[in-house]
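The topics are taken in turn, beginning with the contact between two of the chains.

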Amino acid sequence: MENNTEIQSKLRKIKERFFLAAVVLCALIAVVPLFSVIGYVFIKGISAVNLDFFTKLPVPVGDIGGGMGNAIVGTFILSGIACLVGLPVGIFGGIWLAQFGKGKRGFFIRYSADVLSSIPTIVIGIFAYVLLVATLKHFSAVAGGFALGIIMIPTVTRTTEEMVKMVPRNLYEAGLALGIPEWKVTLHIVFRTAWNGIFTGVMLSVARIMGETAPLIFTAFNTPYWSLRVDQPMASMTVTIYNYAISPFAEWHAQAWAGSLTLVFIVLSITLLVRKFSKRVVYT
Amino acid sequence: MIKKFLAVLISTALLSGAAFAATLNGAGATFPYPIYVKWNSIYSNKTGVQVNYQGIGSGGGIRQFSSGVVDFGGSDAPLTEAQIDAAGGDVLHIPTVMGAVVVSYNLQGVSGLKLDSDVLAGIFLGKIKNWNDPAVAALNPGENFPDKAILVAHRSDGSGTTSIFTDYLAKVSLKWASQVGAGTAVSWPAGVGGKGNAGVAGQIKVNDGAIGYVELSYAMTNNLSVAALKNKAGRYIVPTLDSTSAAADGAMASSKIKKMISSGDFRLNLNNAPGVDSYPIVGMTWILVHKNQKDAEKGRALVDYLKWILSDGQQYVSELLYAPLPSSVRSKVLNAVNGIKI
Amino acid sequence: MWGRIEMKKGDAWFKAVTFGFALSIPFLLLILILILLIQSWSSISHFGFGFIFGNVWDPLADKFSALPFIYGTLVSSLIALAIAVPLGMGCAIYLSEISHSKVKEYIAVMVELLAAIPSVVYGLWGIFVLGPWLTRVIPGMKYGSCLLTGGVILAIMILPTITAISREVFQAVPNSLRESALALGATRWETFRLAVFGPALSGIVGAIILGLGRALGETMAVTMVIGNRPEISASLFEPSYTLASVIANEFAEATSSLNLSALIELALILLVLTIIVNGIARLLVWKTTLKYNPN
């Protein structure tokens with residue numbers, strides 16, 4: 001009897017040790033490629049980053065200076081259009097799934113979102129091309145942003161749903177008990193409480209679309225000039241990076257690495273800024 | 001909200017067509033992308049006409065050109081008759097620059113590899129599997145080949161480079177012609193595929209024993225070791241800009257090509273050209289335009305631009321490691337450009 | 001009285017509007033499937049079912065089939081999941097349950113940054129860093145371009161999705177649940193297993209399915225390291241090819257219309273594959289959820 005509990009408590013201790021060790025090991029292993037990839041980009045990219053890189057237009061091989069100012073602006077505009085398309089669908093769709101999506105309809109919509117997430121982005125690009133480029137007979141930032149917006153939808157929907165579901169039920173009920181309409185409770189109490197988690201999902205998807213090349217080549221196209229018009233071809237960092245990366249010239253390779261580094265830096269800044277200004281909610 | 005937003009955007013898009021007439025859009029082959037960027041930058045500084053060319057791939061360029069999304073296309077492979085019909089039947093091929101495809105390798109202890117067409121085809125067919133194969137040694141007296149498996153690296157993406165390379169192999173090897181054939185993407189009998197020049201060059205760099213093909217300019221700027229290839233005249237030629245130009249000159253001497261040029265057909269095949277100094281794997285790249293331009297303003301801008309790249313523009317070609325067009329061809333092409341109906 | 005009717009109206013509107021947005025997801029998917037069907041029709045009618053089970057991909061002979069690509073896609077994604085799920089979960093547990101130092105915030109941000117790196121950069125890193133390293137440490141691996149490298153690079157690319165979402169899900173589990181477990185004298189492992197894992201399960205699965213989705217459809221990076229060889233080989237050290245890769249490789253340059261159509265049919269097959277894989281995943285989840293939350 002006595003012996004048995006002792007063995008059990010020993011077993012519990014071993015399990016606990018094993019659990020802690022495994023978890024720490026996982027974190028360590030996950031960090032290795034992280035540092036390797038980011039370090040690789042940093043080492044390759046830092047030498048070509050200077051003020052010109054952010055303000056000047058691309059220049060041909062052999063010319064000195066130049067940057068990808070237009071592509072940096074273009075990436076922001078394209079991501080903005082993508083958010084206009086992707087966020088309402090993702091967030092409201094996610095809220096509906098969490099609040100009302102228990103039945104068959106919810107299952108069907110959830111399933112559709114998952115299927116959408118595995119479609120290669122180049123195919124999403126083909127879709128946007130057929131809808132908005134082939135019909136209008138010219139490339140446009142809108143078509144590119146539309147494609148990127150569709151790519152955002154599954155991640156945003158999924159995270160919104162999960163985070164809204166995670167909000168303690170008593171918070172919701174307390175709101176209803178005060179006589180506040182359900183929709184106001186959902187938007188003002190539940191959504192706000194869930195916002196931190198949702199934000200992570202939104203950031204992940206914005207980060208991801210900022211790094212997409214394939215869906216833009218046939219939609220937003222690219223341009224070496226300044227252009228803010230959303231009905232015209234628009235430059236993006238990724239297409240510019242891709243063009244440079246596949247070219248034979250070392251000067252362009254350096255620009256490609258600098259572009260990748262800048263992209264990482266932009267996402268880092270947005271994440272840190274928004275995290276700073278949005279307070280984390282602690283559940284008790 | 002989104003629908004409204006899109007509707008506004010689309011209507012502005014439709015209304016704005018006229019305001020942008022001085023912009024020319026082109027899309028297609030990635031191989032000439034660096035020189036087109038150079039030309040467009042200089043030309044727009046000089047004239048104010050904005051030309052925007054993007055390397056989305058020859059096939060993509062041809063499709064955008066036939067569906068009227070872009071004003072001109074770019075292609076590393078000439079259009080087939082079916083493609084010309086699909087584009088409206090009035091397609092003019094304007095050659096712009098030439099380039100060579102080089103065989104690059106990575107083998108410790110070997111620096112001056114020489115290959116002839118049989119051995120090259122044998123390697124890419126997967127028949128010659130090891131560097132110590134007697135067929136390789138026979139071409140390279142004095143070199144010491146290790147017992148090392150050959151790793152063939154080829155392009156996995158469809159590309160003009162592949163088209164030129166496989167066209168050469170099909171020309172010189174019956175086995176290649178019957179088993180594989182020539183095209184922008186083929187069913188490779190051996191090896192691994194890398195995406196783009198960078199993908200193939202990467203495979204070669206990290207694998208001892210690898211062999212593959214890339215554009216000449218890529219090999220030159222990245223200091224890859226290249227093989228000398230035996231040309232039609234029986235000499236081993238190292239790929240350079242000079243030996244590329246020599247191949248073009250050699251090809252122009254043939255009566256068949258002379259006839260094509262004088263009839264205004266510029267879909268010239270420069271592979272395995274005669275001439276003692278000719279490098280054997282050489283191709284050209286084309287801009288595709290309609291012979292009958294619908295929009296007068298754009299048509300005029302396009303003709304002026306083409307004339308400029310065929311005359312003043314050619315001086316920038318060799319610094320970006322392309323071979324310029326022989327002057328005999330250039331004058332004929334200029335005549336054809338002048339014949340474009342606006 | 002009047003106020004209550006107004007209130008109900010607001011709720012009904014809210015439900016209708018959110019449902020409208022939710023419904024647009026299957027609607028988009030439907031249009032996409034229609035477009036893919038139209039564009040791939042000539043290939044579907046030309047090859048029939050033989051397309052799925054054939055072994056040949058020869059653009060010059062206009063002969064196309066899908067089996068090697070299906071194999072490569074499934075196996076590379078499985079490798080990716082086998083690596084990234086335990087790693088990502090472990091990492092997420094560490095970040096949300098174990099560590100309380102400042103370091104964890106940095107790690108969390110870094111993980112999210114991984115999502116922003118363009119896939120062409122992953123591809124280059126894969127060729128020059130990952131591939132050679134794997135060849136060095138794994139006996140029997142001859143060159144870096146193979147199925148295994150493809151799977152590993154996918155694992156790294158889906159790690160941010162799995163880690164970041166799992167972490168958020170763990171953190172969203174109310175502390176009161178943990179505290180009651182701890183109050184009963186549970187160890188951290190027991191607390192996690194009893195109080196956190198159950199409520200978080202559906203969220204974790206959501207994260208894994210999103211990761212799987214990304215792995216199935218990822219293009220550029222895999223293309224650069226998987227070797228792009230349409231052959232089924234039992235060895236993980238041989239080159240392979242995925243559905244998404246062949247589409248990305250050949251779409252821009254495809255010259256024959258049958259080739260183009262066959263590529264789009266591959267996209268359609270990938271879609272069906274996802275529907276099946278997700279269906280299986282859902283079934284598994286449904287069973288496990290029953291085990292953990294019997295009601």
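In this predicted model, chain C and chain A bury about 8,500 Å² between them, and carbon and sulfur atoms give 78% of that area. The contact involves 95 residues of chain C and 95 residues of chain A.

**Interface of chain C and chain A**

- Three residues, F14(C), I25(C) and R282(C), together supply 8% of the area that chain C buries against chain A, more than any other three residues.
- Two salt bridges are found across the interface of chain C and chain A.
- R12(A) forms a salt bridge with E190(C), and the closest N and O atoms of this pair lie 2.8 Å apart.
- Twelve residue pairs are in polar contact between chain C and chain A, counting pairs with both residues at pLDDT 80 or more.
- Helix α1 of chain C, residues 2–47, gives the most to the side of chain C that touches chain A, contributing 20 residues.
- By class, this side of chain C comprises 65 nonpolar, 21 polar and nine charged residues.

**Architecture of chain C**

- Chain C contains eleven helices and zero strands.
- The C-alpha atoms of chain C fill a box of roughly 70 × 60 × 35 Å along the principal axes.

**Interface of chain B and chain A**

- Chain B provides 44 residues to the contact, and chain A provides 38 residues.
- One salt bridge is found across the interface of chain B and chain A.
- D63(A) forms a salt bridge with K38(B), with 3.3 Å between the closest N and O atoms.
- Eleven residue pairs are in polar contact between chain B and chain A, with both residues at pLDDT 80 or more.
- The elements of chain B that give two or more residues to the side touching chain A are the helices α1 (2–15), α2 (33–47), α3 (58–66), α9 (196–206) and α10 (216–221), together with the strands β1 (23–28) and β2 (50–55).
- Helix α1(B) accounts for the largest share of this side of chain B, eight residues.
- The side of chain B that touches chain A divides into 21 nonpolar, 20 polar and three charged residues.

**The sheet of chain B**

- Chain B holds an open sheet of eight strands with mixed pairing, in the order β2-β1-β3-β11-β4-β8-β6-β7.
- Strands β2 and β7 (192–194) of chain B stand at the edges and have a single partner strand each, so one side of each is left without a neighbour in the sheet.
- From one strand to the next, the twist averages 25°.
- β1(B) pairs with strand β3 of chain B, residues 72–75, in the parallel sense over three bridges.
- Within β3(B), G74(B) is the bridge partner of G28(B).
- Helix α3(B) lies across β1, β3, β4 (91–106) and β11 (282–290) of chain B and runs at about 155° to β3(B).
- Two of the elements in this arrangement also meet chain A: β1 and α3 of chain B each give two or more residues to the side that touches chain A.

Notes: Residues numbered from 1 in each chain as written. Chains lettered and ligands numbered in written order. Predicted model: local features only at pLDDT ≥ 70, side-chain atom pairs only at ≥ 80, totals over all residues. Heavy atoms only, no water. Contact = heavy atoms within 4.5 Å. Salt bridge = Lys/Arg side-chain N within 4 Å of Asp/Glu carboxyl O. Polar contact = N/O pair within 3.5 Å; in protein donor to acceptor, adjacent residues only side chain to side chain. Helix = DSSP H or I, 4+ residues; strand = E, 2+ residues; numbered from the N terminus. Nonpolar A, V, L, I, M, F, W, Y, C, P; charged D, E, K, R; others polar. Pairing = 2+ DSSP bridges. Axes fitted to C-alpha atoms, helices over the stretch in contact; angles between N-to-C directions. Buried area = accessible area lost by both parts, 1.4 Å probe.
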